[in-house]
Amino acid sequence: MRTSKHELARIHQGLTRAACEVPYYPRWDGYIASERDAKRDPTPVPAGLFARLVRYARSLGYPVHVRHTSDELGALGHTLVGRGGVIDIAADMNEAARCRVLIHEIGHALTRGYLTHIGGDRFEEVAVESSSAIVCGTLGISNGVFATRFCAVQSRQDPYMMAAAQPFAVELAQVILKGIGHEVTA
Ligand SMILES: [Zn+2]
């Protein structure tokens with residue numbers, strides 16, 4: 001399968017609209033959305049995708065462990081411990097949610113703090129979650145409401161932050177897709 005870079009940007013434009021226009025509740029955070037999605041989202045996942053993501057993360061120096069529960073890890077269901085650290089994926093999340101959070105963490109692993117350096121913590125979170133939403137959208141995996149709410153909260157629904165994150169998110173998504181054997185054309 002192959003996808004054009006233009007299509008990746010188009011997915012991000014949809015995410016930007018949704019994140020900036022969704023009615024905002026201060027109570028929301030990504031954690032709440034993630035926990036609900038993890039238990040409910042029945043989206044089928046392409047065969048072997050999680051294993052390919054795990055192999056790719058390992059090739060970057062990040063071993064992945066599926067262990068613990070989302071309560072133990074925090075509702076987001078994963079944690080990334082520094083450079084050369086370990087990615088923990090909560091064992092009680094379904095396959096789609098596991099793929100989604102692993103792609104997010106791979107985004108952090110690939111950027112090595114650069115996005116925080118140039119734009120701050122929230123900018124990095126917006127960019128890596130956007131890249132996860134783009135990869136999931138490309139592969140036909142539902143990101144549920146997670147990416148929308150997460151980006152709404154982290155960007156404070158700022159369309160300029162979303163727009164500034166787009167080139168990084170598209171580039172990251174392209175790198176991750178190539179890393180798992182999905183062709184992206186110009
Ligand atoms: Zn993150």
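Predicted model: local features only at pLDDT ≥ 70, side-chain atom pairs only at ≥ 80, totals over all residues.
How many helices and strands does the secondary structure of the protein come to? I looked this up and got nine helices and five strands, taking DSSP runs numbered from the N terminus (H or I, at least four residues, for helices; E, at least two, for strands).

Residues are numbered from 1 along each chain as its sequence is written.

Next I read along the sequence and found the pattern β-α-α-α-β-α-β-β-α-α-α-α-α-β.

Burial came next. Of the 186 residues, 46% are buried, meaning that 20 or more other C-beta atoms, placed from the backbone, lie within 10 Å of the residue's own.

Then I went to the largest nonpolar core, which has 49 residues; such a core is a set of buried Ala, Val, Leu, Ile, Met, Phe, Trp, Tyr and Cys residues joined through C-beta atoms within 7 Å. H9 gives the largest share, 10 residues. Leu-53, Ala-57, Leu-102 and Ala-173 have the most contacts inside this core.

Leaving aside neighbours within four places in sequence, Leu-53 is in contact (C-beta atoms within 7 Å) with Cys-99, Leu-102, Ile-103, Ile-106 and Ile-180.

Last, a helix pair: H1 (residues 5-21) and H7 (residues 121-139) pack at about 120°, axes 9 Å apart, with axes fitted to C-alpha atoms over the stretch in contact and angles running from 0 to 180 degrees between N-to-C directions. Among the residues making this contact are Leu-8 and His-12 of H1, and Ala-133 and Gly-137 of H7.

Methods: Contact = placed C-beta atoms within 7 Å. Buried ≥ 20, exposed ≤ 12 C-beta atoms within 10 Å, placed from the backbone.
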